[in-house]
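User: I am new to this structure and would like a friendly walk through it. Could we take it one question at a time?

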Amino acid sequence: MARPLLFLDVDGPLSPYAARPERRPEGYPTIRVPLESATGPDSGWPPLRRGPLRVWLHPGHGPALLALGYELCWATTWMSAANRWIGPVLGLPPLPFVDFGDSLLRERADGAHWKCEALVAYADGRPFAWVDDEQGDADHAHVAARHPAPALLHHVNPRIGLRNDDFTALAGFAASLAGRTGTV
Ligand SMILES: [Mg+2]
């Protein structure tokens, strides 16, 4: 059986942007992305993103994510730029990313997150976990109605970022899938 997918948001789970500026979380060095580089024509950077870019990242998150047994995939407005600016800081290899295309940041009438439909399409029936700070009830309904395999929509507080209990939950979901099929 293929490993489950782990759709990985950046802003919130990996970069706790909502932490108060004067209270940088312990263990998170500050990364400053040179915006002029990030927004160049070949950067893969979404054109809608603006403003000074201070990112807090925890170098321990990369190894912890790799140890979970998932196939990691960026699911973020950074899209391919995550491989340039985020992955190397965390010790992650280049990862595939979901290309949101025209659905990037576009509000939906049904209230589901703009990422939701693209993630379900990308998964194409494979079990997945989605780590993000913005899922809501409409996303659970959307996934339940359109995705026949197990899915874990795992919410992370953007003031805190990923912590041990999040990794425990993700490992537990992967283990539950292995138990279902009797294979790992
Ligand atoms: Mg986010």
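Predicted model: local features only at pLDDT ≥ 70, side-chain atom pairs only at ≥ 80, totals over all residues.

User: In what order do the four strands of the open sheet lie?

Analyst: Let's start from the edges: β4 (71-74) and β6 (151-155) each pair on one side only. Next to β4 comes β1, and four bridges join these two parallel strands. On the other flank, five bridges join β5 to β6, again in parallel. With β1 and β5 pairing over four bridges, the order is β4-β1-β5-β6.

User: How many of the residues of β5 are buried?

Analyst: Side chains in a regular strand alternate between the two faces of the sheet. In β5, Phe128, Trp130 and Asp132 point one way, while Ala129 and Val131 point the other way. Both groups are buried, so β5 is largely enclosed by the rest of the structure, and the count is five of the five.

User: Which elements do the buried residues of α5 pack against?

Analyst: Helix α5 (residues 116-123) has Cys116, Ala118, Leu119, Val120 and Ala123 buried. The helix lies across β1, β4 and β5, running at about 155 degrees to β1. Its buried residues pack against β1, β5 and α6.

User: What handedness does the unit made by β5, α6 and β6 have?

Analyst: Here the helix α6 lies across β5 and β6, at about 170 degrees to β6. The two strands themselves run parallel. Together, β5, α6 and β6 make a β-α-β unit that is right-handed.

User: Which residues are the protein donors of the magnesium ion?

Analyst: Their spacing in sequence is D-x1-D-x121-D. Asp9 sits in the loop between β1 (5-8) and β2 (30-32), and Asp133 in the loop between β5 (128-132) and α6 (137-146), so distant parts of the chain, 124 residues apart, are linked. Lying 2.1 Å from the ion, the donors are Asp9 (OD), Asp11 (O) and Asp133 (OD).

User: Is Asp133 buried or exposed?

Analyst: A residue counts as buried when its relative accessible area is under 20%. Asp9, at 4%, falls below that cut-off. Asp133 has a relative accessible area of 8%, so Asp133 is buried.

Methods
Residues numbered from 1 in each chain as written. Heavy atoms only, no water. Donors = N, O, S within 2.8 Å, 3.2 Å for Na, K, Ca; no water. Buried < 20%, exposed > 50% of the residue type's maximum accessible area, 1.4 Å probe, protein only. Contact = heavy atoms within 4.5 Å. Pairing = 2+ DSSP bridges. Axes fitted to C-alpha atoms, helices over the stretch in contact; angles between N-to-C directions. Right-handed = clockwise from strand over helix to strand, strands pointing away.
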